[in-house]
Structure formats: C-alpha cells, structure tokens
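Biologist: Could you walk me through reading a ligand site? I would like the general idea and then the case at hand.

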Amino acid sequence: MLILGIDTSCDDTSASVVENGNKIISNIVSSQNEIHQKYGGIVPELASRRHIEMIIPVVDEAIKKSGAGFNDISAIAVSKGPGLIGSLLVGVCFAKALSFAKNIPLVAINHLEGHIISIFLEARPEFPFLALVVSGGHTAFYIVDGFGIYSELGRTRDDAAGEAYDKVAKLLGFGYPGGPIIDTIAAKGNADAITFPRGLIKESFDVSFSGLKTAVFNHLKKYPESRKEDVAASFQSAVIEILINRALEGARSNKVKRIVLSGGVAANSVLRKQVRAKAFEQGIEVYLPSEHLCTDNAAMIAAAGYYHFENKEMVDFTLNPKAYLPLGSANG
Ligand code: KG4
Ligand code: ZN
C-alpha cells in the first residue's frame with residue numbers, strides 16, 4: 001500500500017511515497033537554508049512563500065521518482081502541526097485540494113509523531129520505548145506504548161535544543177542552521193574548557209536550554225578572546241549531557257529497555273556516539289534513524305499515515321493546521 005506524505009511544517013518542503021509504512025520509494029526534501037541563512041534563523045513569512053513556490057514541483061518529483069501514478073496512492077498523509085502556521089497551511093491546503101481532485105483519502109499527522117515513527121523506516125523497535133524528539137522547534141520525552149499511544153514525560157520549559165544550537169551559532173558568528181556547523185567546529189575544541197550550566201528541572205523530566213544560551217552569551221562578553229571551538233564544544237557537551245541524562249533516567253524510572261531518538265539534533269555526531277555508549281553501560285538499547293531521516297522529511301509523515309489509514313482515521317476537508325499541538329492531547 002502506497003501513502004503519499006507531505007510535510008511543510010517548518011522550512012523544508014517535502015513529499016514522499018512510502019510503501020506499507022516502512023519502505024521509502026521516494027523522498028524529496030527541498031531545503032530553504034539558503035533563504036534564511038542571512039537572518040540567522042527562519043523568517044516565517046519567507047518560509048510560507050517558498051513553500052507555495054515549491055509544493056507542486058516537490059510533490060510532482062516525489063510521484064515521478066516513485067514510478068507510481070496518483071491512482072496507485074491509497075492515502076495522502078499531511079502534517080497538521082505543530083509548526084509555523086503559515087508553512088503548515090500550505091501543505092494542508094494543498095493536500096486537501098489534491099485529495100478532493102484525485103479522490104484520495106486524507107489523513108492528518110502530528111509532525112512529532114512523524115519524528116517518532118521515522119525509526120520504523122529502518123528498524124522495528126519493540127514497544128514500549130522512550131522517544132526523545134529533539135529538533136529546532138521541539139524537545140520532548142515520551143513513553144510510546146504502541147502506534148498512536150504516546151504519553152509525554154517531560155519537555156523543554158523554554159528553548160528547544162536545536163534552537164539553542166542555532167542561537168549559539170549566531171552568537172559565535174556562524175551560519176544557519178547552527179547545529180551541523182557547531183557539530184563540525186566542536187570536533188576541534190575542548191569540551192571541558194568551560195563548564196556551562198546543565199538545565200534540569202527538579203522533580204520532573206523537564207529540561208531547560210535558555211540559561212545555557214545566556215551563559216554562552218555572558219561568557220563571550222566577558223572573554224571575547226575565547227577559542228570559538230572550545231565554546232562550541234563546551235556548549236555542545238552541556239546540551240548532550242542534559243539530553244542523555246534525562247532520556248536514560250526516563251527509561252530507567254519507567255522500566256523501559258529501549259530509547260529512540262529523532263529530530264534534527266539526533267543527527268549530531270557526538271550525541272549519537274555518547275548515547276550509544278552510555279545506554280550500553282546501562283543495558284538499554286538505542287535506536288537512531290539515519291541522519292537524513294532525523295531532520296524534517298515527508299517519509300516519516302507517510303509512515304505514520306500508513307498506521308492511521310489502517311485504523312481508518314481519515315479526516316475531511318474541515319481539517320485545519322495548528323501551530324501548537326501537543327502529542328497525546330485531545331486532537332494531537
Ligand atoms: O527536525 P528538524 O529538521 O526541524 C524541526 O522540526 O525543527 O531540526 C532542525 C534542527 C535545527 O535547529 C538544526 O540546527 C538542528 O536540528 N540540527 C543539528 C544537527 N543537524 C541539524 N543540531 C546538532 N547537530 C547536528 N548535526
Ligand atoms: Zn521536525
């Protein structure tokens with residue numbers, strides 16, 4: 001069964017055809033990095049305008065590359081939120097129009113669920129597992145008891161981890177997105193050079209990154225001659241320690257034997273190495289999607305769409321996107 005996935009939740013326009021929820025037939029991602037680079041972050045208005053330009057060519061290419069026709073597509077799965085509302089609207093309006101014009105059923109997917117399900121494109125972790133979704137817009141920990149059964153353990157109280165990466169990269173005078181640049185530059189630095197704060201909220205599984213970002217700002221003001229490589233490495237070490245400690249603590253206290261990472265920050269080379277090593281010490285299995293499936297893509301939306309379509313959870317044309325849409329909530 002072929003599902004066409006569409007994701008325009010943030011700054012990438014993506015469409016993908018996935019077979020039976022686990023086999024990628026085509027996956028097209030059109031990045032907007034070039035547009036937002038000079039601003040050091042995403043400009044929402046520019047993002048929606050670019051989605052409008054790209055949605056038809058991207059969907060066309062995904063269909064063409066799949067070798068299938070619209071007649072072979074069983075359902076269209078589209079991200080309904082959370083994300084930038086103008087960006088989401090482009091994907092949702094396009095998906096509704098295509099569903100109407102071609103008479104193909106429509107399913108609506110929470111973008112965060114897509115990130116969690118991305119692992120099923122490459123592996124088959126047993127339930128239950130702890131999922132850490134860590135991206136530019138989100139940082140949250142969930143216990144996943146099955147497809148569609150998510151309970152949130154904790155989340156960031158302020159910035160997402162990826163947002164902290166992007167903001168610190170801007171403070172250091174690097175480009176956008178900051179995550180991959182810091183990942184590369186930190187490899188040449190000393191992670192123990194500066195001790196930045198680890199923002200863990202007591203008696204909860206919540207985390208915080210805004211204090212860390214301010215600490216980097218204050219450090220650079222006080223010591224403008226600091227080696228950027230050391231600042232990057234020390235900052236990254238704090239982010240990774242926060243994420244890994246909380247994920248392992250969450251798994252242990254919920255007696256869960258495996259953790260699944262997803263979202264753009266899960267592409268980080270040091271995070272990938274350290275989480276594997278630390279989890280191994282504690283007898284916990286780690287599942288990491290390939291880097292290109294950690295960052296936003298429509299294959300993960302098509303994969304999640306397969307399970308919702310199998311459950312006959314189709315939506316009608318009253319579907320509207322939502323910028324704020326916690327996973328596991330009433331309409332989440
Ligand atoms: O999942 P994603 O593509 O979009 C959202 O849903 O937010 O994540 C993008 C975020 C950006 O903040 C980017 O800086 C970060 O993921 N990122 C990384 C790496 N690659 C992307 N952060 C750290 N290390 C990386 N290698
Ligand atoms: Zn995302």
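Biologist: How do the residues of the shell around ligand 1 divide into nonpolar, polar and charged?

Modeller: This is a predicted model, where local features need pLDDT of at least 70, side-chain atom pairs count only at pLDDT 80 or more, and totals for chains, interfaces and linings use all residues. Residues are numbered from 1 along each chain as its sequence is written, chains are lettered from A and ligands numbered from 1 in the order in which they are written, and side-chain values use heavy atoms, with hydrogens and water left out. Ala, Val, Leu, Ile, Met, Phe, Trp, Tyr, Cys and Pro count as nonpolar, Asp, Glu, Lys and Arg as charged, and the others, Gly among them, as polar. Here the shell has 6 nonpolar, 12 polar and 3 charged residues.

Biologist: Which residues come nearest to ligand 1?

Modeller: A residue is near if one of its heavy atoms lies within 4 Å of the molecule. Of the 21 around ligand 1, the nearest are Gly 136, Asp 166, Gly 179, Asp 183 and Asp 296.

Biologist: Which backbone atoms lie 3.0 Å or 2.9 Å from an oxygen atom of ligand 1?

Modeller: A polar contact pairs N or O atoms within 3.5 Å. A backbone N or O atom of Gly 179 is 3.0 Å from a ligand oxygen, and a polar backbone atom of Asp 296 is 2.9 Å from one.

Biologist: Why does ligand 1 lie between domain 1 and domain 2?

Modeller: Domain bounds come from an automatic or database assignment. Domain 1 (2-116 + 296-310) and domain 2 (126-288) both give residues to the shell, so ligand 1 lies between them.

How values were computed:
Polar contact = N/O pair within 3.5 Å; in protein donor to acceptor, adjacent residues only side chain to side chain.
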